[in-house]
Amino acid sequence: MTRCFSLTEAKNWCYRLTFSNLGLRSTITDLKDGTVMHCWVPKTRRDTKPNLLLIHGLGVNALWQWGDFISHLVPFFNIYIPDLVFFGDSYTTRPERTDSFQAQCVMRLMEANLVQKLSLVGMSYGGFVGYSMAVQFKDVVERMVICSSGVCMEEKDLREGVFTVSDLEEAAKILVPQTPDKLKELVGYTFYKPPPMGLVPSCFLADFIDAMCREYVEEKIDMIRAIPKDRKLSDLPQVSQPTLIIWGEHDQVFPLELGHRLKKHLGDNAYLAVIKNAGHAINAEKPKEFAELLKWFLVDCQLPNHQCLQ
C-alpha cells in the first residue's frame with residue numbers, strides 16, 4: 001500500500017520553510033567531475049557579516065542537524081549549510097569515500113559561492129571534514145569548532161576497547177539504520193537522556209528510515225569504514241587556526257577521552273568545553289549552552305572563564 005502521509009517529509013517541509021524564513025535558499029552546484037552538491041546559502045550575502053560553514057554528521061542531513069538551531073546564528077553570520085556527499089541532494093559518481101574528499105568537495109562548493117574566508121562548525125563526522133578543510137585550506141579557514149568528533153581516534157582504538165561499540169560493521173548498521181530496532185539503538189547511543197523510543201510506534205520509525213536512510217546505504221557504510229583505516233595520531237597534522245572543541249560529558253559515540261586527546265594534540269591553540277549532562281547530540285540536548293559557546297568563540301572571538309571550559 002502506498003504511504004499517503006509521511007511525518008518525516010512533513011518535518012522536512014517545516015525545516016525548509018524555517019531555513020527560507022531565516023534568509024536562506026536551496027542551491028545545487030555541479031562540480032563537473034561527477035559530483036553534485038546541495039547547499040543552503042544566504043539569499044542576500046552581507047559583506048559586513050563573516051561567513052560561517054555548518055557541517056552535519058552521519059546520522060542526518062543538513063536540515064535535521066541544524067534546523068532547530070540556526071536561528072541562534074543567523075543574526076551574526078552569512079551561513080552556509082551543505083549536504084555532504086551521499087546526503088540530501090548531494091552525490092558523486094567518483095569512488096572516493098574519505099573525509100579528505102568530502103572536505104575538497106565542500107571547499108569547491110564554497111569557491112563556487114565566492115566565499116574566500118570562513119569559520120566552520122563540524123558536528124561528529126562533520127568535524128572530521130572540517131578538520132581536513134582546516135589542514136588543506138588553511139588560508140581560507142579562520143576559526144574552527146569541532147563538536148563530538150573523534151578526529152584524534154586511531155585504528156587501534158577499535159581493538160583496545162575505547163568505543164562502546166568496537167565492531168566497525170555493527171557500528172555502521174547502527175549509524176545507517178535500516179530497521180526500527182537499529183534506529184532505537186542509534187538514538188540510545190546519541191542522547192544522554194534518550195526520548196522514550198519504546199513509546200514511538202514502529203511505523204513512525206520506519207517512516208523516518210524510508211525517508212532518510214534508504215539512499216546510498218553502501219556508500220555511507222564505506223565512508224564509515226574509511227574513518228579509522230590506517231588512522232594514527234602521529235599522522236594527524238596540527239592546525240594553526242584557533243579551535244574550540246565541544247564535547248558532551250557522557251558521549252557514547254566518541255568518548256570524552258578523544259576530546260582530551262585532541263586538546264592535548266593542539267595545545268594552547270585550542271579550548272575544550274565539556275557540557276555536563278549531555279551525550280553525543282549536544283546541539284539537541286543542550287542548545288542554550290551550545291549556542292553560548294559558539295557565540296563567545298565565533299562572534300566575540302573570546303572565551304570567558306566559564307565552568308565548562310578545560
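These legends go with close-up views of aromatic rings in a predicted model.

**View 1. Phe86 and Tyr216 make a tilted pair.** The structure holds 10 aromatic pairs, and here we look at one of them, Phe86 with Tyr216. The ring centres are 5.1 Å apart and the planes meet at 50°, so this pair counts as tilted. Phe86 sits in the loop between strand 4 (78-82) and strand 5 (91-92), while Tyr216 belongs to the loop between helix 7 (202-212) and helix 8 (217-226). Phe86 is buried, with a relative accessible area of 3%, whereas Tyr216 is partly exposed at 27%.

View 2. Phe163 comes from the loop between strand 7 (141-147) and helix 5 (168-175), and Phe254 from the loop between strand 8 (243-248) and helix 9 (256-266). The pair therefore ties together parts that are 91 residues apart in sequence. Both Phe163 and Phe254 are buried.

**View 3. Phe163 and Phe254 belong to an aromatic cluster.** Step back from the pair and you'll find Tyr125 and Phe128 in the picture too: together with Phe163 and Phe254, they form one cluster.

**View 4. Charged residues sit over two rings.** Look for the charged end of Arg143, which sits over the ring of Phe297, 4.3 Å from its centre. Lys220 lies over the face of Phe87, and here the distance to the ring centre is 4.5 Å.

Terms used: Residues are numbered from 1 along each chain as its sequence is written. This is a predicted model: local features need pLDDT of at least 70, side-chain atom pairs count only at pLDDT 80 or more; totals for chains, interfaces and linings use all residues. Side-chain values use heavy atoms; hydrogens and water are left out. Rings of Phe, Tyr and Trp (its six-membered ring) pair if their centres lie within 6.5 Å; planes under 30 degrees apart count as stacked, over 60 as edge-to-face and the rest as tilted. Helices (H or I, at least four residues) and strands (E, at least two) are DSSP runs, numbered from the N terminus. Buried means under 20% relative accessible area, exposed over 50%, partly exposed in between (1.4 Å probe, protein chains only). A charge sits over a ring if NZ of Lys or CZ of Arg is within 6 Å of the ring centre and within 35 degrees of the ring normal.
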